[in-house]
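Welcome, and thanks for taking a look at this one. Below is a short briefing on cores, cavities, pockets and a few backbone details.

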Amino acid sequence: MTRLVIQIPCFNEGMTLPQTLGDLPNRIDGVTSIDVLVIDDGSTDDTSAVARRHGVRHIARHTHNQGLGRAFRTGLDYALQLGADIIVNLDADGQYRGADIARLVAPLLSGEADIVIGDRRPGQNPEFSRLKRGLQRLGSRAVVALSGIEIPDAVSGFRALSREAALRMNILSTFSYTVEMIIQAAHKQLRVVSVPIAVNPARRPSRLFRSTPHFVSRQLITMLRMYAMYRPMRLFFSAGITLSTLGSLPVLRFLIRYAGGDGAGHIQSLLLGGVLLTMGFVLFVAGLLSDLISQNRQIQELTLEKVRRLELGDRQAQIAHEQH
């Protein structure tokens, strides 16, 4: 028995939600039951009422807008409590097609993947401007470099997770979950694959970001934060080695001049080199401390995962009891 929960994060999506809901599949081969979950992230319109009128039984509502990342995390927790074996996430703006959900969950049903991400093929998408295509390629390459996972469309919100993957995800960002999720998946050694999907023409501008520079800056901050969180030794040691190398050059220059009897006029090289070497040493120490903190965080994540499993185990038993 495989239970699929389709979660739809919403913020003022009362106009577009009906068409999104109407496009969802009623049945998928290999899936026993399909539930729809709407996460109303503090909408000021009638998003929740629209969802109820269109037959949605499961609605999680934030009292105020907390951001897409928090809405996604709320959806995962709720879907797990519903007993989901597979969780599919898609936007409420109608960009993604419900018919592609079957394609998205196929690698999970066959056991080939833990996470599947829909590839919009941004390089071929006429809806994307040349600038947006270039930024998408650059961003995806940056995520590949940081995570080691080859994903051509890293910021696609159309993705599916197995229950095991959802249990191990700890989304911290309020802005978005897309990049953070991939970097976490790499760290936790989850299998991530990509499948091509089709997209509908845009019906409205994105509400996730005010402008392209705003979106790029927020994603860069997320990538840097996640990399520092999961690879602190590599990040700080790389920066420390760079500064130490740069600092050794002026010091070496001073020593050569000093050995030649001309060191008095080059004391500034010694000062500059000393500052850079000190900064490099501080980064080495920061790397060691951050690595210890990272190890402690991994222990906390394991504890959180065990607590989740215990809580959900009790919840599953309660659901089974109520069904009988």
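The largest nonpolar core has 38 residues, and those with the most contacts inside it are Ile115, Leu161, Met169 and Met181. A nonpolar core here is a set of buried Ala, Val, Leu, Ile, Met, Phe, Trp, Tyr and Cys residues joined through side-chain atoms within 4.5 Å. Buried stands for under 20% relative accessible area, exposed for over 50%, and partly exposed for what lies in between (1.4 Å probe, protein chains only).

Please keep in mind that this is a predicted model, in which local features need pLDDT of at least 70, side-chain atom pairs count only at pLDDT 80 or more, and totals for chains, interfaces and linings use all residues. Residues are numbered from 1 along each chain as its sequence is written, and side-chain values use heavy atoms, with hydrogens and water left out.

- Helices (H or I, at least four residues) and strands (E, at least two) are DSSP runs, numbered from the N terminus.
- H7 gives the largest share of this core, with 6 residues.
- Leaving aside residues up to four places away in sequence, Met181 touches Phe72, Ile115, Arg159, Leu161, Met169 and Ile171; contact means heavy atoms within 4.5 Å.
- Another core, of 30 residues, lies apart from the largest one, and Ile8, Leu24, Ile28 and Val105 are among its members.

**The chain as a whole**

- The protein chain has 10 helices and 7 strands.
- Of its 324 residues, 47% count as buried.
- Among contacts between residues at least 6 apart in sequence, 74% join residues at least 24 apart.
- The accessible surface of the chain comes to about 16500 Å², and 58% of that belongs to carbon and sulfur atoms (Shrake-Rupley method, 1.4 Å probe; for residues, only the protein chains shown count as cover).

**Cavity**

- The structure holds 1 cavity of 30 Å³ or more. On a 1 Å grid over the protein atoms alone, a cavity is a set of points where a 1.4 Å probe fits but cannot get out, a pocket is an open set with protein on both sides within 12 Å along at least five of seven lines, and lining residues have an atom within 4 Å of a point.
- The largest cavity has a volume of about 40 Å³, where volume is the space filled by probe spheres set on the points, with grid points joined across faces, edges and corners.
- Its lining is made of Leu146, Ser147, Ile183, Ala186, His187, Tyr227, Tyr230 and Arg231.
- Helix H5 (130-147), H7 and H8 are the elements that give two or more residues to this lining, and H7 has the largest share, 3 residues.

**Second largest pocket**

- This pocket has a volume of about 250 Å³.
- It is lined by 13 residues, of which Leu24, Ile34, Asp35, Val36 and Gly55 are the closest to its centre.
- Helix H1 (17-22) and E2 each supply at least two lining residues, and the largest share, 3 residues, comes from E2.

**Positive phi values**

- Asn12, in the loop between strand E1 (3-10) and H1, has phi near 55 degrees, a positive value in a residue other than glycine.
- Gln189 sits in the loop between H7 and strand E7 (192-196), and its phi, near 60 degrees, is likewise positive in a non-glycine residue.
- Gln189 counts as exposed because its relative accessibility is 72%.
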